[in-house]
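Biologist: Please take a close look at one part of this model for me. I would like the charged side chains and whatever they pair with.

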Amino acid sequence: MLELPMSDAALLPAFVERCLAENVSLIAVIGEGCEGIEDEIDWLIVGDGSDPSRFITTSSHPGETLDQVVEFATAWRVTADGPTQIIRI
């Protein structure tokens, strides 16, 4: 889960690449402007569309509390081995 605001938007591409490398199955974005950041993340994941292995489900949660989004993310059926994490970049 990515909590906004970001301290440095330039860190977003590296964050997405790390998520891909770590087999993250969901990036849930919360905070003001989360819909736009979700769109940016989608573009970073898909790129030119030539690599079908680059896939992560994304969601944005405008107006929801951190607790609500944690509950959503925890209930997500994951294929990764890791726990739900709150990330701030």
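Modeller: Start with the charge count. The protein chain carries 4 positive and 16 negative side chains. The centres of these two sets lie 7 Å apart. Keep in mind that this is a predicted model.

Now the pairs. Two salt bridges are present in the structure. One of them joins Glu-3 to Arg-88, with 2.6 Å between the closest N and O atoms. Glu-3 sits in strand S1, residues 2-3, while Arg-88 belongs to the segment after helix H3 (66-75), so this pair ties together parts that are 85 residues apart in sequence. Is Arg-88 buried or exposed? Arg-88 has 56% relative accessibility, and the cut-off for exposed is over 50%. Arg-88 therefore counts as exposed.

Glu-17 forms a salt bridge with Arg-54. Here the closest N and O atoms are 2.7 Å apart. This pair, too, links distant parts of the chain. Glu-17 is in helix H1, residues 12-21. Arg-54 is in the loop between H2 and strand S3 (57-60). Glu-17 is partly exposed, at 38% relative accessibility. Arg-54 is partly exposed as well, with a relative accessible area of 22%.

Arg-54 leads on to Ile-45. Ile-45 touches Arg-54, and its other contacts beyond four places in sequence are Val-16, Leu-20, Phe-55, Ile-56 and Thr-58. Ile-45 lies in helix H2, residues 34-46. Its relative accessibility is 3%, under the 20% cut-off, so Ile-45 counts as buried.

From the N terminus on, they run β-α-β-α-β-α. The radius of gyration is 12 Å, close to the 12 Å that the globule rule gives for 89 residues, so the chain is as compact as a globular protein of that length. The C-alpha trace spans about 35 × 30 × 15 Å along its principal axes.

Contacts and surface complete the view. Take the contacts between residues at least 6 apart in sequence: 77% join residues at least 24 apart. Buried residues make up 31% of the 89 residues. The chain exposes about 5,600 Å², and carbon and sulfur atoms supply 54% of that area.

Notes
Residues are numbered from 1 along each chain as its sequence is written. This is a predicted model: local features need pLDDT of at least 70, side-chain atom pairs count only at pLDDT 80 or more; totals for chains, interfaces and linings use all residues. Side-chain values use heavy atoms; hydrogens and water are left out. Helices (H or I, at least four residues) and strands (E, at least two) are DSSP runs, numbered from the N terminus. The radius of gyration is taken over C-alpha atoms; the globule rule is 2.2 Å times the number of residues to the power 0.38. Buried means under 20% relative accessible area, exposed over 50%, partly exposed in between (1.4 Å probe, protein chains only). Contact means heavy atoms within 4.5 Å. Accessible areas come from the Shrake-Rupley method with a 1.4 Å probe; for residues, only the protein chains shown count as cover. Lys and Arg count as positive and Asp and Glu as negative; His and the chain ends are not counted. The place of a charge is taken as NZ of Lys, CZ of Arg, CG of Asp or CD of Glu. A salt bridge is a side-chain nitrogen of Lys or Arg within 4 Å of a carboxyl oxygen of Asp or Glu.
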